[in-house]
Amino acid sequence: MSNPREIEAGVRTDLSGDMSYAGYLGLDKLLDAQHPRSNPAHHDELLFIIIHQTTELWFKLIIHELRAAVAHVRDDELEPAFKVLARVKHVQAQLLDQWSVLATLTPSEYSQFRSVLGSASGFQSAQYRTVEFLLGNKDRRMLEMHRPDPRAFAVLEQTLEMPSLYDEFLRNLARRGLPIPAEVLERDVSTPHQSHPGVVEALRLIYTDPHGNWDAYEMCEKLVDLEEQYALWRFRHMKVVERIIGYKTGTGGSSGVSFLRKVIDLRFFPELWEVRTHL
């Protein structure tokens, strides 16, 4: 039998009165936040809870990073925004991969505890809605379901009224002399951006002269990366739901798979996709 590995002399084992790993991360609260409601607790409900709680933690980081990216672009600092958006893309990859874990939940297993969710649905996530608003998918009607939570409502309302990441980028392009139409720059930013041929033309100028517009060119591609990952996440969401519940109505009252299928092709940055046809 081999000898047990010795603990290095410098490793601290007495942490009384000092900061510990668990204390720094608040693990007492984090690991005590999973409360299955099935009775007796169904084995697979813990998986369902942890997947959604982890998703909310990733959303929290995405919101943190997107707000930083918006501020950088507003200050005409595109290069620092690249690092931020690259990080968001990697977080999105984690979120995409999480669906494969949830997909191990079979229809038979989910049906054993689905009833305890009541009307709870991911559609009600205030953080998910904040991400959508930051990226430009604005819809004032989505505020109402969050009115009972004053803090979430205030954050969402503020995000609804502020320029999205794409709005700020178009303003940046205008400041550097690209022909962004005035009606686009002066629009009501609490509503979704609609594709405009003038924006397509401005983006065409960037793509036909990438070396002369390198930071704007790179920003365009970072935004395309972000939207593509988001579309893949939506598609994977739809397929996992179809795999687990088929075409049942969603717990929040939506049509389920049919509803999710409709939003797969939603565009945050429509001209960035349309310009490709004009090059």
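**View 1. Helix H11, end to end.** With 32 residues at 1.5 Å a residue, H11 should span 46 Å, and its end C-alpha atoms sit 47 Å apart, which agrees. That expected span is 1.5 Å times one less than the number of residues in the helix. Helices here are DSSP runs (H or I, at least four residues), while strands are E runs of at least two, and both are numbered from the N terminus. Just after H11, Gly 246 takes a positive phi of about 65°. This is a predicted model, where local features need pLDDT of at least 70, side-chain atom pairs count only at pLDDT 80 or more, and totals for chains, interfaces and linings use all residues. Residues are numbered from 1 along each chain as its sequence is written, and side-chain values use heavy atoms, with hydrogens and water left out.

**View 2. Arg 234, a residue of helix H11**. Is Arg 234 buried or exposed? Arg 234 has a relative accessible area of 4%, so it counts as buried (buried is under 20%, exposed over 50%, partly exposed in between, with a 1.4 Å probe and protein chains only). Setting aside neighbours within four places in sequence, Arg 234 is in contact with Glu 132, Val 263, Ile 264, Leu 266 and Phe 268. Contact here means heavy atoms within 4.5 Å.

**View 3. The largest nonpolar core.** A nonpolar core is a set of buried Ala, Val, Leu, Ile, Met, Phe, Trp, Tyr and Cys residues joined through side-chain atoms within 4.5 Å. The largest one holds 63 residues, and Leu 66, Leu 165 and Phe 169 touch the most other members. Helices giving two or more residues to this core include H3 (45-74), H4 (78-102), H8 (165-175) and H11 (214-245). H11 gives the largest share, 13 residues. Looking past its neighbours within four places in sequence, Leu 66 is in contact with Leu 85, Val 88, Val 131, Leu 134, Leu 135, Leu 165 and Leu 226. Apart from this core lies another, of six residues, with Phe 133, Leu 143, Leu 156 and Leu 160 among them.

**View 4. Helix H4 and what it packs against.** H4 has 25 residues and reaches 36 Å from its first C-alpha to its last, close to the 36 Å expected. Among its buried residues are Leu 78, Phe 82, Leu 85, Val 88, Gln 92, Leu 95, Trp 99 and Leu 102. Which helices do the buried residues of H4 pack against? They pack against H3, H8 and H11.

**View 5. A nonpolar patch on the surface.** Met 19, Tyr 21, Tyr 24 and Leu 25 make up this patch, with about 540 Å² of accessible area together. Tyr 24 belongs to helix H1 (residues 21-25), and at 65% relative accessibility it counts as exposed. Patches take residues with over 30% relative accessible area and no salt bridge, joining like charges within 9 Å and nonpolar side chains (Val, Leu, Ile, Met, Phe, Trp, Tyr) within 5 Å. A salt bridge puts a side-chain nitrogen of Lys or Arg within 4 Å of a carboxyl oxygen of Asp or Glu. Areas come from the Shrake-Rupley method with a 1.4 Å probe; for residues, only the protein chains shown count as cover.

**View 6. Lys 29, in helix H2 (residues 27-30)**. Lys 29 is exposed, with a relative accessible area of 69%. Its C-alpha atom is separated by 23 Å from that of Pro 40, 11 residues apart along the chain.
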